Amino acid sequence: MLEAIVQTSLEVAIVQSPVPTPGKGQVLIKVVCSGCNPKDWKLVVYEGEALNSGDDIAGVVESTGPDVTEFKRGDRVAAFHPMRTSGGSFAEFAIAPAATTFHLPPNISFEEGSTVPLAALTAAVALYHSLGLSNPWMPATTTIPILIYGASTAVGAYAIKLASRSNLHPIIAIAGKGRALVERLIDTSKGDVIIDYREGNEIMARKIREALASQGQLSIAHALDCVAEPNTLELLADVVAPKGHATFVLHERDYNVAAKTLRTSITFVGYVHTGPFQPEPWQGINYNPEGRGEDFGFIFTRLLSKGLQEGWLTPHPHELIPDGLKGLSQALKNMRDGKLSAMKYAVRIGDANL
């Protein structure tokens with residue numbers, strides 16, 4: 001099979017590799033489309049090791065390993081591949097655990113499906129494992145404000161969709177160029193607002209407090225930060241209630257500015273495969289070793305499938321990479337250089353007519 005190995009230069013070597021064999025509890029998927037995420041270049045560059053770093057799979061089941069009963073050859077599926085392992089999605093065939101594979105409804109294309117697994121699961125881990133908020137099947141019955149910084153990112157957008165399903169309002173969505181996307185996701189009748197980060201922290205803090213006050217809320221106790229720049233940490237330390245909880249999706253940051261007054265955590269999407277991520281002490285993060293990540297991933301991937309079928313969960317806007325795997329290098333470089341906003345890249349690898 002053809003497989004793309006991302007180099008530390010972000011050039012891509014397309015090589016011939018053997019088709020992997022699914023092991024116990026695994027699914028072999030013929031990849032039609034793979035999603036692309038910022039971590040696809042970060043893992044390779046930061047760790048200095050060439051890798052097939054793709055983890056977002058959309059395609060058709062080719063075969064299954066022992067103890068897999070939910071899937072059969074020919075099923076349309078999407079899946080989250082375990083990060084830093086062989087069998088990644090930048091190839092004609094990929095491996096995923098059955099626990100983080102889910103049926104792709106007929107109303108969702110393979111391109112659309114490839115935008116879902118990693119980002120939506122990251123949002124789910126952030127809201128329900130890290131922050132401990134009300135699950136979508138038991139929506140909140142009281143007002144619970146939540147701040148989502150980086151609301152037009154894929155993780156931020158999926159977090160808004162899931163938070164809305166959990167009746168978490170008002171949603172204080174921080175966005176910039178991607179405002180148009182966020183406007184389609186929030187519910188202003190429930191007090192949701194968009195605040196432009198380009199206005200600066202002082203104005204943002206005032207507008208956040210005004211938005212909370214309009215809903216009879218004095219403070220906000222839960223925040224998801226998908227950006228984690230120094231100024232965002234300062235804002236969170238200012239507007240989130242003392243001893244409130246802020247969770248972050250980027251690992252390569254120092255969060256001590258926020259940790260002085262807030263409970264802080266790192267949201268690690270790999271939790272659904274490997275369990276909790278233990279941060280470095282200098283990051284100022286409170287480590288929570290609890291939870292059964294594989295069970296969490298199993299439950300939420302099935303919920304994602306249901307949400308896509310029912311329409312309350314929608315795929316993220318995407319742009320198809322020209323020339324398939326040959327165009328992957330430029331897509332990774334564009335993400336590194338910040339040239340993609342409110343969109344995800346999708347790379348077509350196989351036959352979409354399957």
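Mentor: Before we start, contact here means heavy atoms within 4.5 Å. Also, this is a predicted model.

Trainee: OK. Of contacts between residues at least 6 apart in sequence, what share joins residues at least 24 apart?

Mentor: That share is 67% in this chain.

Trainee: What radius of gyration does the chain have, and what would a compact globule have?

Mentor: The chain has 20 Å, which agrees with the value near 20 Å for a compact globule of 354 residues. Its C-alpha trace spans about 60 × 40 × 40 Å along the principal axes.

Trainee: How many helices and strands are there?

Mentor: The chain has 11 helices and 15 strands. As for burial, 57% of the 354 residues count as buried.

Trainee: Take helix H1, then. Which of its residues are buried?

Mentor: H1 runs over residues 39-47, and its buried residues are Lys39, Asp40, Trp41, Lys42, Leu43 and Val44.

Trainee: What covers them?

Mentor: The cover includes strands S1 (2-6) and S3 (26-35), along with helices H3 (117-130) and H11 (328-336).

Trainee: And what comes just after H1?

Mentor: Gly48, with a positive phi of about 65 degrees.

Trainee: Which residues make the nonpolar patch?

Mentor: Trp137, Met138, Phe298 and Ile299 make a nonpolar surface patch of about 440 Å². Phe298 sits in helix H10, residues 293-310.

Trainee: Why is Phe298 called partly exposed?

Mentor: Because its relative accessible area is 41%, and partly exposed lies between the buried limit, under 20%, and the exposed one, over 50%.

Definitions and conventions:
Residues numbered from 1 in each chain as written. Predicted model: local features only at pLDDT ≥ 70, side-chain atom pairs only at ≥ 80, totals over all residues. Heavy atoms only, no water. Patch = residues over 30% accessible without salt bridge, like charges linked within 9 Å, V, L, I, M, F, W, Y side chains within 5 Å. Areas by Shrake-Rupley, 256 points an atom, 1.4 Å probe, with all protein chains shown as cover. Salt bridge = Lys/Arg side-chain N within 4 Å of Asp/Glu carboxyl O. Helix = DSSP H or I, 4+ residues; strand = E, 2+ residues; numbered from the N terminus. Buried < 20%, exposed > 50% of the residue type's maximum accessible area, 1.4 Å probe, protein only. Rg over C-alpha atoms; globule rule 2.2 N^0.38 Å.
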